Amino acid sequence: MQVLEGKAIMDQIVVGRLSFYRRPAPQIQLYTRGDWRQEVNRFRRAQQTAILELNTLYHRALNQVGEGVASIFQIHGMLLEDQDYMETVRAIIQGQSTTAEYAVQMAEISFSAAFAAMESPYMQARAADIRDISQRVLRALMGGRQELLMDEPAILVSDEFLPSEVMDFDQRRLLGLITRNGSLDSHTAMLVRAYHIPAIVEVKLSHRLEGRLALMDGYAGKVYIEPEPEVLNQLRELYQANGRPKGYILNVK
C-alpha cells in the first residue's frame, strides 16, 4: 500500500480506479495562407461563439448551484472581452502573419504565465481561467467539441482540471478528481465544492498507477493506493460513527 498526501477540497471519502485524463492537444498551423484581417475576423467569430457557450454554462450552473458559482462563467466571458487579451491576439496575427489559432495559443501562454507569477494565490489561480477560455476559443476556431465521456466509474487524475471541464464530465461515472497541481483558490475548486465532487489537489501521482485502486480520504487529505483491508475497515467504522457524510463511498470488498 502506498500513501500520498495532498490538500483536500472536499471532506469526502471515495474508492475507485484511477484514470488519467489526457486533454487533447490540437495541431495548430503557424502561418496563415490568407490576409491577416481574415484571421482577426475568424478570431472574433470564435470569440463570440465562446461567449454564447459560456452564457449557456452560466444559466445551467445558475439553475443547479446558484448565482455565486454561476458567476464564474460571467467572469470568463469578461476575460474573453478583455481589451489587453484581444489586442494581444490581434497584434500577433497582424505582426507575424499567423493563424488565429496560433495567436490565441500564444496569448494563453503569455497571460497565464503572468497570472501564475503573481504573489497572490488568488491571482495565481486565475491562470487556469485564461487556459480555459483560450481552449474554448481554439475549439470554436477548429470546429471541435469538448467530449468528456467516461466508459466506467473512475477517479480522474490530471495536472489540473479547468472549470468548464468540471461541468462537462459525466457526473454519473465521476467518482472524484485528483490533480498533481491545482489550487484551493481556483474556480475549479469552487465548482467542485458546489457540486460536492470529492477532490484532492497537489498529489504527485505517477502515470504508472493507471487503473490501480485508490482511496481518497478528503478528511485527512490522503490518497491510498491499493488500500489494505484494515484501512478500508477502519474508515468504514470511523465514518459510519460520524453518520456517513455525503460523499461516503466505501463499497469495495
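At what angle do helix 4 and helix 5 pack, and how far apart are their axes?

1. Helix 4 (residues 100-116) packs with helix 5 (residues 121-142) at an angle of about 175°, and their axes are 7 Å apart. Here axes are lines fitted to C-alpha atoms, for helices over the stretch in contact, and angles run from 0 to 180 degrees between N-to-C directions. Helices (H or I, at least four residues) and strands (E, at least two) are DSSP runs numbered from the N terminus. The two helices are therefore roughly antiparallel to each other, where angles under 35 degrees count as roughly parallel, over 145 as roughly antiparallel, 65 to 115 as roughly perpendicular and the rest as oblique.

2. The contact (heavy atoms within 4.5 Å) involves, among others, Val104, Phe111 and Phe115 of helix 4 and Ile130, Leu138 and Leu141 of helix 5. Its residues divide into 12 nonpolar, four polar and four charged; Ala, Val, Leu, Ile, Met, Phe, Trp, Tyr, Cys and Pro count as nonpolar, Asp, Glu, Lys and Arg as charged, and the others, Gly among them, as polar.

3. On provenance, this is a predicted model, in which local features need pLDDT of at least 70 and side-chain atom pairs count only at pLDDT 80 or more, while totals for chains, interfaces and linings use all residues. Residues are numbered from 1 along each chain as its sequence is written, and side-chain values use heavy atoms, with hydrogens and water left out.

4. Helix 4 has 17 residues and spans 24 Å from its first C-alpha to its last, close to the 24 Å expected at 1.5 Å a residue, the expected span being 1.5 Å times one less than the number of residues. Its buried residues, including Tyr102, Ala107 and Phe111, pack against helix 1 (36-65), helix 3 (83-96) and helix 5. Buried means under 20% relative accessible area, exposed over 50%, and partly exposed in between (1.4 Å probe, protein chains only).

5. Glutamate 101, which is placed in helix 4, deserves a separate remark. With a relative accessible area of 11%, glutamate 101 is buried, and, leaving aside neighbours within four places in sequence, it is in contact with Ile28, Glu39, Arg42, Leu138, Leu141 and Met142.

6. Rings of Phe, Tyr and Trp (its six-membered ring) pair if their centres lie within 6.5 Å, and planes under 30 degrees apart count as stacked, over 60 as edge-to-face and the rest as tilted. The count by this rule comes to four aromatic pairs. For tyrosine 21 and phenylalanine 161, the ring centres are 6.0 Å apart and the planes lie at 25°, so the pair is stacked. This pair links distant parts of the chain, 140 residues apart. Phenylalanine 161 also forms an edge-to-face pair with phenylalanine 169, at 5.6 Å centre to centre and 80° between the planes. Tyrosine 21 is buried at 16% relative accessible area, and phenylalanine 161 is buried at 4%.

7. Most residues other than glycine have a negative phi. Histidine 196, in the loop between helix 7 (187-194) and strand 6 (199-201), has a positive phi near 55° and is partly exposed at 39% relative accessible area. Glutamate 226, in the loop between strand 8 (222-225) and helix 8 (229-241), has a positive phi of about 50° and counts as partly exposed at 31%.
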